[in-house]
Amino acid sequence: MTLVEDGPTTVLGTRLLRREDPALLTGEAKFTNDLVVPGALHMVVVRSPYAHAAIAGIDLDSALAAPGVVAAFTGADLAHLWAAPMPCAWPVTTDMKNPAHYPLATGKACYVGDGVAVVLATSEVAARDAAELVDVRYEPQAAVVDLEDALSDRIVIHPDLGTNKSYQWDLKIEGTPGQVDQAFADAAYKVSERYVQQRLIPIAMEPRAVCAVPQPFGGDLTLYSTTQVPHILKVMTAVTLGMPEHQLRVIAPAVGGGFGSKLNVYAEELLCVALALKLGRPVRWNETRSENAVATTHGRGQIQHIELAADADGKLTAVRVRLLADMGAYLQLVAPGVPLLGAFLYAGVYDLPLAYDFSCTSVFTTLTPTDAYRGAGRPEATYAIERAIDALADTMGIDPMELRQRNFIRKEQFPYTAMTGLVYDSGDHEAAAAKAAELADYAGVRRRQAGQNVPGATKLLGIGQASYFEMCGLAPSRVLASLNYSAGGWEAATVRVLPTNKIQVVTGTAPHGQGHETSWSMIVADKLGVSPADVDVLHSDTAIAPLGLDTYGSRSLPVGGVAIAMACDKVIDKARKIAAHQLEADEADLEFVGGTFSVKGSPDKAMPLAAIAFEAFTAHNLPDGLEPNLEAHTTYDPPNFSWPFGTHICTVEVDTETGQVEVLQYVAVDDCGVRVNPLIVEGQVHGGVIQGLAQALFEEAVHDGDGNLKNGSLIEYLVPAASEVPSLTLGHTVTPSPTNQLGVKGIGEAGTIGAAPAVINAVVDALSHLGVRDMPMPASPNTVWAAIQSAIGPASQGASK
Ligand code: MCN
């Protein structure tokens, strides 16, 4: 064990270096595309270059005649292989419109990148060359790119549905009928804001890759995929292909990030499995980076209308939200539920009475399907409320931090039953905000700002805050059921003490960058009194870890990690029975400290876990009726979500002549309850903040009016490099969750949630004295410059007020 700073005496809470990293840094880790599979055919998908086009015919002859080509198919050729359309597991309303979606399009293509045919060859190069020879006759139709245009049904994308509207989902909560309207009628202050959550491309470092390997006898098949959800993928593949689930094994080898984009069941996974079974040969597919930009789901894509009503003191009295959400061309696995995950958070961290009105309408466009992307609904909600709070403060003429203080849910109100009925487990927003304000020197920046943002100044200082609550640790199953989610929210764990006192942990979580092997070994080490190095963590292979619901929604620690702790407790209970039997003591008289049972008051009468493990293995002298071996299994379905929270404060300098935004300082104070490994937590916050900051300043999937993606490569799509982002100042508070034995809450998405509103609030703050009230994302130099020009008016072009 390597500790890099003084820490507590237990393993839990120490900055243990990630055991995953040496293999990743040296190239030893094997990703799906690294697998050597003799005899594999390489599949290439022929994709529509049109956003909306009828497919008049497909000629495969030239492709079939090309060197190395073994087979080629159209959607019609393969139609008989699908037992069901591609899955959407979140039918949020009973009348939700869901167009039949198959791995290859048949009648028409509905987005640039929609697969229309496949070519299989003995090498990837041969397959790519031959795919160029597939002659598809398209009859282009007008694209639908704009959400409000889609809603108008001017052009209906799926004629059998008769509309582009997929669903409308409402959440209206009022103490008395008409309370929301009344609150707005009575309000001393109101704001009504419109924000756009631009489409984002998730850009995991490893694009997708799939390899399906059939067994020559018996019909079994192993599917390797770079997925976050091997267990969900297994169930859904079996359902979609109508194949016996027990004959399918899914393995996620090393996975190079996902950020939600690998929380899906993709056409290419189903195609590889179906074609491997059909052809009796391994079939593999490897996504190129530019293919990834159109064929892998996008994130965000919402237009938000938010209205706040407040009394004369600025206390919120009602919140009304209208969302328009872009589903893209089809409904992917959990896409319809993404806006719902935010629906409960549009009142943010504030004490709102029963006066809340939320409605979401989702529409189809002729663009790449959207789905979960880091935070999934919760960053969008937090952005809207935190931007609107700043707008309200501006209207009232008070400091936004002061307005937040007046509205925070107070520490003593926890556990807090929100107007939505959900219970926030624990929190202390005032403490997090105070700590962030101190680290950011909020008062000092305000003083500097008064001296700097004077008439004629071209470098303007701004400071912005965002305080957030996150609903994560996706579970409990019953609550997910009430939202019509098709799966549960439990997680499974097995803890096995081997005869030599080395430990095997089998987890249903599927890490793809989060360091679960390190974290889970620490939980076990802490519980069982062993070294983390003696704990092996097995995951992401459905033959080895048959039960699980995988990794997304920052659920792995508060659900999966807690399940491991509970399985350890069961192991200790069993070990206690063996120790009591062998020490001829009463179980109640034994204490378990540092991996050894001893009789209270008689420390000489002791038995270490190592000895018990061997006794459990030989089974020579166990209590009557006790099964041999020392292992336990738990399936844990938590009683509540976990509710991490925090305050982020960003300080920027805006150049009014170039529109350039420079982030001078970024402070993130996050509270994820008890921290298993602060080093990993900080890494998660770093990654999350930079992703949110990138939405605020750099990233956007830009489409032209014909639905073509204009920036589908990393030259044009601005994922920031380390040199383009500030170093972060991190702080934390620790408010344990009372709903699980470790006191933990998730952290995987929190950074992303706080960052975008903190950055944009800072940019608007810098420019507010010029009359700038809002700033579209990304706040690129062009956008910022244009906003300044439009605020100061043509008469003052080039000068600040
Ligand atoms: N942790 C901790 N103490 C806490 C909370 C978390 O030590 N109180 C540690 C956990 O033990 C775990 C890690 O932090 O090692 C993240 O835990 P958790 O918050 O439970 O999140 P998940 O493991 O479920 O990860 C999912 C989350 C999501 S939803 C996205 S999106 C995301 C993210 O994680 N995608 C990522 N982080 C990512 N990190 C990388 N490198 N790549 C991605 O694709």
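## Helices H17 and H18

In this predicted model, the axes of helix H17 (residues 556-583) and helix H18 (residues 609-618) approach within 10 Å and cross at roughly 90°, where axes are lines fitted to C-alpha atoms, for helices over the stretch in contact, and angles run from 0 to 180 degrees between N-to-C directions. H17 is therefore roughly perpendicular to H18, a label given to angles of 65 to 115 degrees, with those under 35 degrees counted as roughly parallel, those over 145 as roughly antiparallel and the rest as oblique. Helices (H or I, at least four residues) and strands (E, at least two) are DSSP runs numbered from the N terminus.

On the H17 side the contact (heavy atoms within 4.5 Å) is made by Ala575, Ile578, Ala579 and Gln582, and on the H18 side by Leu609, Ile612, Glu615 and Ala616. By class, this contact has six nonpolar residues, one polar and one charged; Ala, Val, Leu, Ile, Met, Phe, Trp, Tyr, Cys and Pro count as nonpolar, Asp, Glu, Lys and Arg as charged, and the others, Gly among them, as polar.

## Surroundings of the ligand

The ligand is surrounded by 33 residues, of which the closest are Gln514, His516, Ser556, Gln684 and Ile747, a residue being included if one of its heavy atoms lies within 4 Å. This shell divides into 11 nonpolar, 17 polar and five charged residues.

Backbone N or O atoms also face the ligand in polar contacts (pairs of N or O atoms within 3.5 Å): that of Asn677 lies 2.9 Å from a ligand oxygen atom, that of Gly748 lies 2.9 Å from an oxygen atom of the ligand, and that of His512 lies 3.5 Å from a ligand nitrogen atom. The protein covers 95% of the 840 Å² of accessible area that the ligand has on its own, as computed by the Shrake-Rupley method with a 1.4 Å probe. Helix H16 (516-528), H17 and helix H19 (678-697) are the elements that give two or more residues to the shell.

## Backbone geometry in loops

Most residues other than glycine have a negative phi, and most peptide bonds are trans. Another cis peptide bond, with omega about -5°, joins Met777 and Pro778, the latter placed in the loop between helix H20 (750-767) and helix H21 (781-792).

Ser554, although not a glycine, has a positive phi of about 45°, and its place is in the loop between strand S21 (535-538) and H17.

## Basis of the values

Residues are numbered from 1 along each chain as its sequence is written, and side-chain values use heavy atoms, with hydrogens and water left out. As the model is predicted, local features need pLDDT of at least 70 and side-chain atom pairs count only at pLDDT 80 or more, whereas totals for chains, interfaces and linings use all residues.

Note on methods:
Polar contact = N/O pair within 3.5 Å; in protein donor to acceptor, adjacent residues only side chain to side chain.
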